[in-house]
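Please look through the sequence and the model below, and then follow the explanation from the overall fold to the pocket.

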Amino acid sequence: MYPSVTPPRQVKIGDAAAFAGTTPRAIRHYHQIGLLPEPERGGDGRRRYGYDDMIRLLWIRKMADAGISLDDMRTAFDEARDIEETLGRLDETLAAKEADIKRQRAAVQRLRAVGSPLGLLSEPVTDRLSNLPPGALRSSDLDALLVTERIFGPLGAAMQAGVFIVLAAHPGLRAEQDRLDAAEAALDDSVDPHDPRVEELAAQEYAHHKALQQAIEEAGLDTADEELFETYDAGLEGAEDTQMGALEAVTKMPYDYSPARMRCIELTAHLLGQDASADS
């Protein structure tokens with residue numbers, strides 16, 4: 001013989017929450033947003049939940065487990081929108097989340113494989129630099145790649161990576177790069193933008209850029225750039241462009257450059273632009 005058990009006609013909020021697998025706080029929230037009608041209170045001032053309340057609460061829990069938003073639950077209960085429309089939008093949302101998780105997992109796996117912050121950059125960049133020996137990349141190199149990737153995308157950063165490959169293979173070019181970086185940093189606010197040293201440094205940086213370009217071509221990295229562009233550009237076709245333009249980036253990314261340093265950069269760019277015009 002089983003013991004006779006008489007179910008209660010109504011239960012308190014704690015019992016309702018325990019049965020539905022939720023919390024009293026969540027149930028109160030459902031009341032506040034109009035998802036669950038607030039039942040009458042008993043003589044002690046506490047809410048009492050009946051059969052219909054529990055049925056609705058159980059359906060709320062099922063829909064929450066399926067990822068349906070609270071707003072969509074209200075719509076479904078009010079029958080103001082076809083449930084198929086709600087489920088269709090939910091399916092799209094879940095697909096987007098699934099794609100995000102897939103990208104995040106790929107990034108974590110790449111980071112583990114690379115074993116350094118380089119793994120946080122995009123696949124074209126990490127692939128390009130995967131054969132460099134440990135310590136070949138400096139933190140400033142990674143910073144530069146990070147900014148370039150943000151502005152010009154993975155392809156732009158992957159192409160810039162060729163410069164760091166050359167610097168790692170040519171100690172003389174690396175030493176010259178360090179010297180020029182230090183000289184440019186020394187162009188502080190105390191230096192007049194029209195100081196002859198500014199033009200001299202721009203000419204030196206232009207010559208250094210030419211030497212880097214020659215080393216890139218000798219190493220066959222320019223051909224690799226073309227292959228890289230063809231490979232990844234096809235894979236990125238139709239993808240949403242999340243990079244901002246270079247001109248917009250100038251107004252967003254802060255650089256504490258003095259007028260003299262800015263003029264040096266502009267003069268160097270002008271010299272390189274003349275080369276580009278002559279080539280075309």
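**Fold and pocket**

Of the contacts in the protein with a separation of 6 or more, 62% join residues 24 or more positions apart, a contact being heavy atoms within 4.5 Å. The model is a predicted one, in which local features need pLDDT of at least 70 and side-chain atom pairs count only at pLDDT 80 or more, while totals for chains, interfaces and linings use all residues. Residues are numbered from 1 along each chain as its sequence is written, and side-chain values use heavy atoms, with hydrogens and water left out.

The secondary structure comprises 12 helices and 0 strands, where helices (H or I, at least four residues) and strands (E, at least two) are DSSP runs numbered from the N terminus. Of the 280 residues, 31% are buried, that is, under 20% relative accessible area with a 1.4 Å probe, protein chains only. The protein exposes about 18600 Å², of which carbon and sulfur atoms supply 53%.

The largest pocket holds about 2000 Å³ of space; a pocket here is an open set of points on a 1 Å grid over the protein atoms alone, where a 1.4 Å probe fits, with protein on both sides within 12 Å along at least five of seven lines, and its lining residues have an atom within 4 Å of a point. Its lining comprises 43 residues, with Ala144, Gln160, Glu184, Tyr257 and Ile265 nearest the centre. Among the elements that give two or more residues to this lining are helix 8 (171-185) and helix 12 (259-279), but helix 7 gives the most, with 13 residues.

How values were computed. Buried means under 20% relative accessible area, exposed over 50%, partly exposed in between (1.4 Å probe, protein chains only). Accessible areas come from the Shrake-Rupley method with a 1.4 Å probe; for residues, only the protein chains shown count as cover. Grid points are joined across faces, edges and corners, and a volume is the space filled by probe spheres set on the points.
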